[in-house]
Amino acid sequence: MGNRQDSDEAYVLDLCDDALGERGSRQHRFDWLLGDPGVSGRRARLPVDSYWASHRLVVEYREIQHDQPVPFFDKPDRLTVSGVHRGEQRALYDARRDTEVSAHGLRLVVIRPSQLDADSRGRLRRNRETDLETIRSLLAPAADDEPRPSAPKASDEERVVEAFRRWLTADGWTPVTPTDPHTDIEAVRGEERLIGEAKGRTKEPGTDADTAYGQLLRRMTDESPTTRYALIVPTTSAWHAQRVPAAVRRLLRIDLYEVTESGAVKRIDG
């Protein structure tokens with residue numbers, strides 16, 4: 001195991017310090033961000049990679065083991081206090097950080113190797129000038145303390161996504177930060193991974209359903225049979241989404257879900 005001070009994580013956090021003009025609190029622990037209880041019932045405080053109190057900003061640098069199975073890090077033959085192996089626990093705790101940090105009024109920025117100058121294994125080449133420019137862009141809203149303009153509400157896509165997120169959680173899935181920032185929702189359950197594209201009510205439900213299928217096709221970079229894809233639509237778009245034959249959807253590992261007006265979720269394909 002390498003020295004944390006020489007790690008890619010430390011390099012990224014140093015660049016964040018430079019971009020923000022101050023040093024963050026590394027491995028910061030909040031009283032409200034807790035792990036699962038151990039044998040004694042004690043719950044340890046979970047660390048975040050760095051916290052800048054004056055910017056109300058938390059940064060997490062998530063290397064490839066946070067988004068795909070890596071046996072060396074996951075230790076699948078050992079169970080943690082959460083009753084799952086380390087890889088599953090990492091996904092659970094990442095989701096908990098995502099939820100709790102935002103719930104406590106802080107901004108969370110997740111940085112991945114793919115956003116910086118990295119090789120195919122996620123190792124950073126440490127092109128400082130290029131990486132610093134990228135990080136400044138990622139942190140700019142917090143660094144400038146500028147309110148972000150609210151986007152016009154063209155559809156009820158947010159309602160569809162949140163209803164599906166609740167349904168996933170109740171079904172034993174853990175929502176995680178999407179590997180692709182353009183993905184609407186991503187979740188894990190054991191060795192399974194689900195990547196979802198959602199659409200809300202719009203004036204062109206047929207066109208939007210076709211667009212969503214195209215977006216899912218671009219997300220299909222993982223050949224693992226344990227990865228599935230989901231198209232989530234409101235009742236008004238369900239018929240349009242079913243114009244792609246069920247047999248084709250099965251071949252592509254795409255499951256189709258309907259979100260009703262009341263927020264109930266129905267899997268159309270059985």
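The structure is a predicted model, in which local features need pLDDT of at least 70, side-chain atom pairs count only at pLDDT 80 or more, and totals for chains, interfaces and linings use all residues. Residues are numbered from 1 along each chain as its sequence is written, and side-chain values use heavy atoms, with hydrogens and water left out.

The secondary structure comprises eight helices and ten strands, taken as DSSP runs numbered from the N terminus (helices: H or I, at least four residues; strands: E, at least two). Of the 270 residues, 43% count as buried; buried means under 20% relative accessible area, exposed over 50%, and partly exposed in between (1.4 Å probe, protein chains only). Contact is defined as heavy atoms within 4.5 Å. Among contacts between residues at least 6 apart in sequence, 58% join residues at least 24 apart.

A nonpolar core is a set of buried Ala, Val, Leu, Ile, Met, Phe, Trp, Tyr and Cys residues joined through side-chain atoms within 4.5 Å. The largest such core holds 18 residues, and Val12, Cys16, Val59, Ile111, Ile135 and Leu139 have the most contacts inside it. Two or more residues each come from α1 (8–20), β3 (57–61), β4 (107–111) and α4 (128–144), with α1 giving the most, six residues. Leaving aside neighbours within four places in sequence, Leu139 is in contact with Cys16, Ala19, Leu20, Leu57, Val59, Arg107 and Val109. A second, separate core of 15 residues includes Ala163, Ile185, Val259 and Val265.

Ala163 also belongs to the buried residues of helix α5, along with Val160, Val161, Phe164 and Leu168. Seen down the axis of α5, these buried residues fall within an arc of 165 degrees, so they line one face of the helix; the arc is that of the directions from the helix axis to the C-beta atoms. They pack against β6 (185–189), β7 (192–198), β8 (227–234), β9 (254–259) and β10 (265–267). On the other side of α5, Glu158, Arg166 and Ala170 are exposed. The helix (residues 157–170) has 14 residues and reaches 20 Å from its first C-alpha to its last, close to the 20 Å expected at 1.5 Å a residue, where the expected span is 1.5 Å times one less than the number of residues. Just after α5, Gly172 takes a positive phi of about 95 degrees.

Finally, Leu217 lies in helix α6 (residues 205–219) and counts as partly exposed, at 47% relative accessibility. Leu217 and Tyr229 are twelve residues apart in sequence and 9.2 Å apart in space, C-alpha to C-alpha.
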